[in-house]
Amino acid sequence: MVSRSRIGVALAGGGPLGAIYELGALCALDEAIDGLDLADCHAYVGVSAGGFIAAALANGMSPREQCASFIENEGAAHDIFEPSLLVRPAWGEFARRLASLPRVAAQALWVGALQRRSASVTLEHLARALPTGLFSNTGVEAQLRRQFARPGRSNDFRELRRKLVLVATDLDSGESAPFGQTGWDAVPISQAVQASSALPGLFPPVEIGGRYYVDGALKKTLHASVLLDEGVDLLLCLNPLVPFDSTHSPRHRVLSSGEPRIPRLVDGGLPVVLSQTFRTLIHSRLELGMKGYERSHPGTDILLFEPDHRDAEMFLANTFGYSQRRWLAEHAYRLTREQLRAQRPALSAKLARHGLALNDAVLDDHHRSLLRKQARRPAQRLPSAVAVKRLEQVLDELEAALAPA
């Protein structure tokens with residue numbers, strides 16, 4: 001029966017940008033598809049930034065609730081996610097590497113001077129004293145641990161009503177670590193999220209059970225096969241990062257986000273070239289995977305949502321700006337609604353097989369928005385929430401002041 005269709009959600013990574021896009025897109029899907037409750041699906045798999053959202057969905061937090069927490073810094077005090085957690089220096093890692101410097105320097109001296117090895121070998125030994133990550137992710141883990149300790153939620157995979165898998169990569173073997181699967185489910189969910197999102201270079205590897213784990217996207221972009229092998233009937237996939245097609249860049253000089261247009265990507269310098277390269281590599285891997293899923297699981301309907309390859313706004317977005325974070329979530333929300341309208345006939349047929357339907361009234365309401373203006377809260381708001389909102393205002397003003405430069 002269609003009412004018994006098992007629905008899975010697979011969320012790829014992409015850093016803060018990926019999380020913001022996925023929240024905006026999920027909010028659009030949640031309200032535009034009748035019969036769909038994204039906080040009560042059969043199973044979830046998350047990688048890197050997608051792991052944050054998948055873990056919250058599996059704990060019953062709706063996309064709207066997560067949007068309030070991560071995008072608007074509103075809601076219950078224990079649910080508010082402060083973006084500053086993502087950019088706290090990894091002082092512990094710095095201290096450990098600094099403490100190892102005398103030993104490493106002595107080894108380098110032995111290799112270089114006494115064994116008369118090449119300078120490159122000596123430098124290789126000295127590099128062992130460099131930190132493995134710039135920012136600490138322990139604060140993120142602690143925040144998630146507090147959120148999942150609330151009534152009705154759990155930080156234990158085995159206690160969830162819904163299937164949840166968070167994929168990391170074993171640093172020493174290069175193999176995937178599917179936390180949440182049988183044999184991998186004793187790890188706290190918050191720690192699994194921390195490991196899955198430990199992007200090498202930015203965050204130190206996470207030690208679990210004597211082994212070290214890093215970002216799950218190193219192995220696969222989406223890891224959708226985890227849910228396909230569970231026998232889901234409908235799989236909703238979200239991928240935030242796509243290569244940008246600059247040949248279709250808009251003609252105007254400044255985008256609506258305030259960023260200047262880049263007619264040729266090479267004009268954007270090294271950061272833009274590296275971003276395009278990284279996006280192209282992971283997306284080509286995703287395309288191969290999706291084709292393989294269609295062949296290996298022909299009985300499952302797979303729907304993929306991702307940004308338009310011609311969308312310069314998404315490609316050039318500054319996701320660490322407070323004002324842009326709100327704008328970007330709204331942009332992802334509107335983009336997904338446009339995709340639903342454009343694919344309405346084909347999507348309606350697939351959704352109907354699973355007891356779902358597009359809500360035409362919602363989709364055709366062009367005045368709907370993700371972030372609505374809300375009345376000012378009473379004066380007795382919690383001090384921490386007030387401080388976060390004030391910090392947001394100050395950063396917005398600073399961005400505006402620096403814009404001409």
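The model is predicted. The protein chain contains 14 helices and ten strands, and of its 405 residues, 50% count as buried. Among contacts in the protein chain with a separation of 6 or more, 75% are between residues 24 or more positions apart. The chain exposes about 19,800 Å², of which carbon and sulfur atoms supply 57%.

- Strand β8 spans residues 234-238, and five of its five residues are buried, so the strand is largely enclosed by the rest of the structure.
- Leu 234, Leu 236 and Leu 238 point one way from β8, while Leu 235 and Cys 237 point the other way.
- Strand β1 (residues 7-11) pairs with β8 in the parallel sense over five bridges, and Ala 10 stands opposite Cys 237 of β8.
- Strand β9 (residues 301-305) also runs parallel to β8 and is joined to it by five bridges.
- In this second pairing, Leu 235 has Ile 302 of β9 as its bridge partner.

**Enclosed helices**

- Helix α2 (residues 49-58) has ten of its ten residues buried, so it is largely enclosed by the rest of the structure.
- The buried residues of α2 include Gly 50, Gly 51, Phe 52, Ile 53 and Leu 57.
- Gly 60 follows α2 and has a positive phi, near 85°.
- In helix α7 (residues 189-196), seven of the eight residues are buried, so this helix too is largely enclosed by the rest of the structure.
- The buried residues of α7 are Ile 189, Ser 190, Ala 192, Val 193, Gln 194, Ala 195 and Ser 196.

**Nonpolar cores**

- In soluble globular proteins, nonpolar side chains tend to be buried together.
- The largest nonpolar core here has 75 residues, and those with the most contacts inside it are Leu 38, Leu 164, Leu 166, Phe 179 and Ile 189.
- Helix α1 (residues 15-32) gives the most to this core, contributing eleven residues.
- Leaving out residues up to four places away in sequence, Leu 38 touches Val 9, Leu 26, Leu 29, Asp 30, Tyr 44, Leu 57, Pro 63 and Leu 236.
- A second, separate core of 19 residues includes Val 167, Val 226, Val 232 and Cys 237.

- Arg 325 belongs to helix α11 (residues 322-342) and is buried, with a relative accessible area of 4%.
- A polar atom of the Arg 325 side chain lies 3.2 Å from the backbone oxygen of Phe 70.
- Glu 330 is also placed in α11 and counts as buried at 14% relative accessibility.
- Apart from its neighbours within four places in sequence, Glu 330 is in contact with Ser 369, Leu 370 and Leu 371.
- Glu 330 and Ala 28 are 302 residues apart in sequence, yet their C-alpha atoms are 9.8 Å apart in space.

**Salt bridges**

- Side chains of opposite charge can pair when their charged atoms come close.
- The count of salt bridges comes to 17.
- Arg 337 forms a salt bridge with Glu 31, with 3.6 Å between the closest N and O atoms.
- Arg 337 lies in helix α11 and Glu 31 in helix α1, so the pair ties together parts that are 306 residues apart in sequence.
- Lys 219 forms a salt bridge with Glu 175, the closest N and O atoms being 4.0 Å apart.
- Lys 219 lies in the loop between β7 (211-215) and α8 (225-228), and Glu 175 in the loop between β4 (163-170) and β5 (176-179), so the pair ties together parts that are 44 residues apart in sequence.
- Lys 219 is partly exposed, with a relative accessible area of 35%, and Glu 175 counts as partly exposed at 46%.
- Arg 344 and Asp 364 meet through their side chains in a salt bridge of 3.0 Å, N to O.
- Arg 344 lies in helix α12 (residues 344-352) and Asp 364 in the loop between α13 (360-363) and α14 (383-402), so the pair ties together parts that are 20 residues apart in sequence.
- Asp 364 is partly exposed, with a relative accessible area of 39%.

Note on methods:
Residues numbered from 1 in each chain as written. Predicted model: local features only at pLDDT ≥ 70, side-chain atom pairs only at ≥ 80, totals over all residues. Heavy atoms only, no water. Buried < 20%, exposed > 50% of the residue type's maximum accessible area, 1.4 Å probe, protein only. Helix = DSSP H or I, 4+ residues; strand = E, 2+ residues; numbered from the N terminus. Pairing = 2+ DSSP bridges. Polar contact = N/O pair within 3.5 Å; in protein donor to acceptor, adjacent residues only side chain to side chain. Contact = heavy atoms within 4.5 Å. Core = buried A, V, L, I, M, F, W, Y, C linked by side-chain atoms within 4.5 Å. Areas by Shrake-Rupley, 256 points an atom, 1.4 Å probe, with all protein chains shown as cover.
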